[in-house]
Amino acid sequence: MTKILLIEDDVETAEELAAELTQRGFEVEHAASGIEGLDKARSIKPDLMVVDRMLPGMDGLTIVEALRNDQIRTPVLILSALGAVDDRVRGLRIGGDDYLTKPFAIVELVARIEALLRRPIETRETMLRVGPLELDLIERTARRGEREIELLPREFRLLEYMMQRNEQLLTRAMLLEEVWNYKFVPDTNLVDVHMGRLRHKVDTPGDPPMIHNVRGAGFILRAPS
């Protein structure tokens with residue numbers, strides 16, 4: 001049975017959501033404060049979390065950030081009465097997977113939960129390897145052969161995503177959504193700028209290239225032939 005952790009301090013809302021989700025076949029664990037919610041997230045290992053943004057003790061975004069820093073990638077749906085674009089973007093950039101503004105229809109909440117659960121689960125490996133390229137997800141270090149690669153946090157996340165999907169064509173829209181947490185495609189060269197910097201670090205002069213630009217389509221990471 002799919003386990004959902006609901007972190008919501010409003011008793012009436014929590015009871016209503018828990019009853020609906022239970023009726024639809026989910027196992028629901030509830031926490032009424034941020035600190036309790038973070039403890040349960042770490043201990044019970046839910047399949048998905050529904051987290052209210054404003055909570056006593058610790059706010060919802062702090063919970064999400066703490067989990068992502070612990071390399072816990074459990075999908076998180078953030079609930080909030082703050083519906084401005086800046087608030088939604090902040091919630092997604094901090095590590096949330098989706099953002100639903102209050103008040104909402106329960107049927108939409110359930111649909112978003114089902115959509116998040118359909119997403120493929122990322123690898124739980126702590127060391128990624130593609131050819132001579134290695135990425136240590138615990139130490140946050142990167143190497144190509146004997147050479148260490150110094151990466152900024154966003155570059156690390158970008159390379160991690162590409163290594164988990166090596167040999168796959170990754171479009172700019174996919175990268176914006178999964179690496180930058182955009183739920184729309186802005187008119188920006190953000191991906192190309194970061195990809196250019198990453199290629200310069202990964203593919204130094206004399207190295208067989210590993211990051212390939214597919215003109216008009218996106219990018220592919222593959223081991224040298």
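Q: Quick one to start: which residues does leucine 135 touch, leaving aside its neighbours within four places in sequence?
A: With those set aside, leucine 135 is in contact with Thr126, Met127, Leu128, Thr141, Ala142, Leu151, Phe156, Leu159, Glu160 and Met163. Contact here means heavy atoms within 4.5 Å.

Q: And what sort of model am I looking at?
A: It's a predicted model, where local features need pLDDT of at least 70, side-chain atom pairs count only at pLDDT 80 or more, and totals for chains, interfaces and linings use all residues. Residues are numbered from 1 along each chain as its sequence is written, and side-chain values use heavy atoms, with hydrogens and water left out.

Q: OK, back to the packing. In the largest nonpolar core, which residues touch the most other members?
A: Leu135, Met162, Leu175, Met195 and Leu198, out of 28 residues in that core. A nonpolar core is a set of buried Ala, Val, Leu, Ile, Met, Phe, Trp, Tyr and Cys residues joined through side-chain atoms within 4.5 Å. Buried means under 20% relative accessible area, exposed is over 50%, and partly exposed is in between, using a 1.4 Å probe and protein chains only.

Q: Which elements give two or more residues to this core?
A: Strands S6 (127-130), S7 (133-136) and S11 (218-221), plus helices H6 (153-164), H7 (172-178) and H8 (190-202). H6 gives the most, with 6 residues. Helices (H or I, at least four residues) and strands (E, at least two) are DSSP runs, numbered from the N terminus.

Q: What's in the second core?
A: That one is separate and has 18 residues, including Ala31, Leu38, Leu55 and Leu61.

Q: Switching to strands: what order do they take in the open sheet?
A: S6-S7-S8-S9, 4 strands with antiparallel pairing. S6 and S9 (147-149) are the edge strands, each pairing on one side only. Two strands pair if DSSP finds at least two bridges between them.

Q: How many bridges join S6 to S7?
A: There are 4, and the two strands run antiparallel. Arginine 129, for example, has glutamate 134 in S7 as its bridge partner.

Q: What lies across those strands?
A: H6 lies across S6, S7 and S8, at about 120° to S7. H8 lies across S7, S8 and S9, at about 165° to S9. Axes are lines fitted to C-alpha atoms, for helices over the stretch in contact, and angles run from 0 to 180 degrees between N-to-C directions.

Q: New topic: is glutamate 8 buried or exposed?
A: Glutamate 8 counts as buried because its relative accessible area is 1%. Glutamate 8 sits in the loop between strand S1 (3-7) and helix H1 (11-23).

Q: What does its side chain come up against?
A: A polar atom of the glutamate 8 side chain lies 2.9 Å from the backbone nitrogen of aspartate 10. Leaving aside neighbours within four places in sequence, glutamate 8 also has contacts that include His30, Asp52 and Lys102.

Methods: A polar contact is a pair of N or O atoms within 3.5 Å; within protein, one must be able to donate a hydrogen and the other to accept it, and residues adjacent in sequence count only if both atoms are side-chain atoms.
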